[in-house]
Amino acid sequence: MNGYDYIMVVNIILIWGLMFINIALIIGGFIYYTKIEVELPPMIKGEYPFVSIMVPAHNEGVVIVKTVESLLQFEYPKNRYEIIVINDNSSDNSAQLLKELQDKNPNRNLKVINTDNITGGKGKSNALNIGYGESKGEFLVIYDADNTPEKKALLYLVAEIIGDDSLGAVVGKFRTRNKNATLLTRFINIETLSFQWMAQAGRWQLMRLCTIPGTNFIIRRTIVEAIGGWDVKAVAEDTEISFRIYLMGYKIKFQPKAVTWEQEPQKVGVWFRQRTRWVKGNVYVLIKNIRYLVDPKAKRIRFDVFYFLSTYFLLLSALVTSDIIFFMNLSGWVSTTIQGFSNLLWLTAFVMFVLGIFITLATEKGEMSISNLLIIGLMYVTYCQLWIVVTVYGVFQYLQDRIKKQDSKWYKTERVQE
Amino acid sequence: MKGFKVFFISLVVLMLSITGVCGEEIKEEVIPEILIIYQAKDSNLENLVALVTSFGKTIEMTSIEDYKKDKINSFGDVIFLKLNDIAIENENLRNDLLWYSGNLLYIGKSDKVAFPKLSEIPIKTYSQGNISFKFKDYITQNILINEIEVINKPLNLEREAIIVNGESFSFSEKVENLTYVPYFDDQEETLLCFSSTLKRFLGIDSKESMVLIVKEVFPFSDLTMIKKMSDAFYENGIPFTLGVIPLSDNTDYPAMKRFYDTLKYAQSKNGSIVAYALNKKAREVSGEPMEKGLTAMVNNGVYPLGIVVSKNWILEEYPYTNVSFSSGIIGNNPSYSVDAFTKSSTDFVNATYGISMETLEKTRSLKKEFGTYSLTTGIMVDLPKSDEELYTLINSINEKWLSLTDYKALDHQVKVGRNEIIANTRGVFLNGNLLSLAYEAGPIEETYQYQPLPTYTLGNVFNTGNTVLLIIMGAIIIGFLVMLFISRRLYLKKFRHKKSRKRKEGDQE
């Protein structure tokens, strides 16, 4: 055995270890879904609390009207919620469209805050802080500007959070509105469903953990007050605020019945930039909170910190180094006594991947199809491999920003007319 | 900014090229002393070169066809090898030969056109004959040869003779600056006889020696036999040299430690060590990692004093870096690639010409003591395979009254990386320090039997892991299929039943 052998062993343990963690999460998600499918939806007993819905929007003219219209149609007492659209330094016709919407709905609590490049234009967190300053609600609900939530989504979110004082936030489910647009959106559709099954339902079932996804969630005003608003340096503000909620001792629950539909990137370039931002944001949060990995007071988030660390550093480096050593071994530059696992094992791993992901589509209408089964197989060799590239690039970009001591730029996902 | 970049890159490239130039070892240029003009690249040429090199002379070669005008005039000694009747067509060469005034040795068929002085030397031709040679104090055994040309002149008793069918003729004849040798072949006996003529032609007056060299010793040789042989040679007063293949891998293995220990034992019994790179296999083994292999030997108390090389290798590019030998033993192996010939030869300050034990046995000395040939020779023998072979060899040496020389006593200088080994009559020195070659029993016991160290690989762990993971995966897949089945039922219950309920409600309406 030589040094390369030891590196390979560590890599293999990491890769397979993380795979088994994800299998456990799939099983956890399955238990949670089967349980919630037979439960009645949460209902509000007594008075409906006043809720502020905040929609940060930057050049969202293409989608904003549809979003606000769907928010106006919530099955929730109209005088018990307000909609605050933060039109953040937009250069398109968003301001005009929003004005028209206000004029069309004079009796509704629809507030539009237009900012310029002095007061705004500093990213989503800054926009949310501006909106929060104008809000009155006991609870704050956030939607991205491309969302079309279902009519009962708000009701379920509010009912869930007021029914349990230990909950700091409740997150709903998001679906892909344009899933049939391109092969990429089909991949994203499957990815979002399986992510929510594993990372949201699975984690909630097994560890009472969830992560705010950035949209379609409700949070207590008291929490936002206590943490002093959103961290403007955080590019992935949702992950950041999730960690802060955990540290305050609250829980975040996943309520899959509160559904919103959102538009996903249809082009690889747009997708790549969006995911790079996510990676950078998550690396920022990870580094900011890495100390909690050994902090006895932060037991609740230890798993999440480890999960992020594993995903962005351990798994990534394991995959990259094992691939490098594998190819160096093939070319004779290094020698290892490691024998590859059998082809049968790799085949079972592939079958397991396809089956595992397919299960996560089971409860969604129309998703349990042969075409999706084939797409999952295709994802394994294409979309999943792109993840490595995105992660390497994102980590590199983050490090570059740190070396140059510059703040990460907030990349706004480009929308398309549907 | 762009200009700066270009400048910067140019600077880096320049620095690299300067470093490259400085990094090249400044090699002392060897000025060839002898010009050999040949007709064909064959074993005769190879043997001629080996003999000249054995006298410590450096060579430049040119073929008759490639000869350039006036080339011959740059040399004081020229050897011309042409063993057939084909006329010299190169006019420049013919003209230069006519006017050449330096020492000229012509070997081959009498060509009176190119060498008019040969008209003074009568030639006698035999279609077939039993020939033997007489040189110094030796007479060789008869061998049957077809078509022999000899110098038909009264024999000069002090010089070499060729005896054809019992009649003696002068082996060579000198006319002014031209020495003529009509007969030449690749038999070792012929070459030994020729070496006397060559020595006189080259004007060499050095003392010759004879050494015994045991060929091709390596870690898996019979180490017990090496020790036994060392003891036996020591008891019989026979100095010997071991040709050791330097290995660079696994030098920390017990087998290697035991091997070094055996070599140290041989050194203590008046044995010398030389690196052995004679045959192709040994060269491949010792090619690139020669420095590493020799360094391992030195670190383990084994001191190589020279190198055994093949005949044609002396004409190749010197293949080693950080390693140099002043002494070389030119092996008696047949050539394996005449294409490897280059124009100049590797020079050894102290060269030994390798011959076989069989040749020695075919040579009779007129004196009781066998004495030495006209050049320093190395009798090359295999490591005995049995006690019988060992004692047969010792008896042959004793019966021949061979006066063997301790190889260490000849002057040697070996550089291996930072180490310098010097050997002479005063002893063996490593980096200037006199070495004691006394043997101290090493940590490896006599009775130790080599057991290859177990190679720790992860193969078994992986095979087990593979099976375990397959079982786990299989179980997970079964679990997933169950989950899929349950999910499907849930799905149907949720959506299909909802659909049928809606349909029923519609029908009722």
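Helix α3 of chain A (residues 94-104) buries A:Ser94, A:Leu97, A:Leu98 and A:Leu101, where buried means under 20% relative accessible area with a 1.4 Å probe and protein chains only. These residues lie on the same side of α3(A) because they cover an arc of only 95 degrees around the axis, the arc being that of the directions from the helix axis to the C-beta atoms. An α-helix has 3.6 residues a turn, so residues three or four places apart point the same way. The buried residues of α3(A) pack against α2 (64-72), β2 (81-88) and β3 (110-115) of chain A; contact means heavy atoms within 4.5 Å. Helices (H or I, at least four residues) and strands (E, at least two) are DSSP runs, numbered from the N terminus.

This is a predicted model, in which local features need pLDDT of at least 70, side-chain atom pairs count only at pLDDT 80 or more, and totals for chains, interfaces and linings use all residues. Residues are numbered from 1 along each chain as its sequence is written, chains are lettered from A and ligands numbered from 1 in the order in which they are written, and side-chain values use heavy atoms, with hydrogens and water left out.

Strand β6 of chain A (residues 167-176) holds A:Arg175, which counts as buried at 5% relative accessibility.

In chain B, strand β14 (residues 271-276) includes B:Tyr276, buried at 1% relative accessibility. Its C-alpha atom is 4.8 Å from that of B:Gly243, 33 residues apart along the chain.

Note on methods
Buried means under 20% relative accessible area, exposed over 50%, partly exposed in between (1.4 Å probe, protein chains only).
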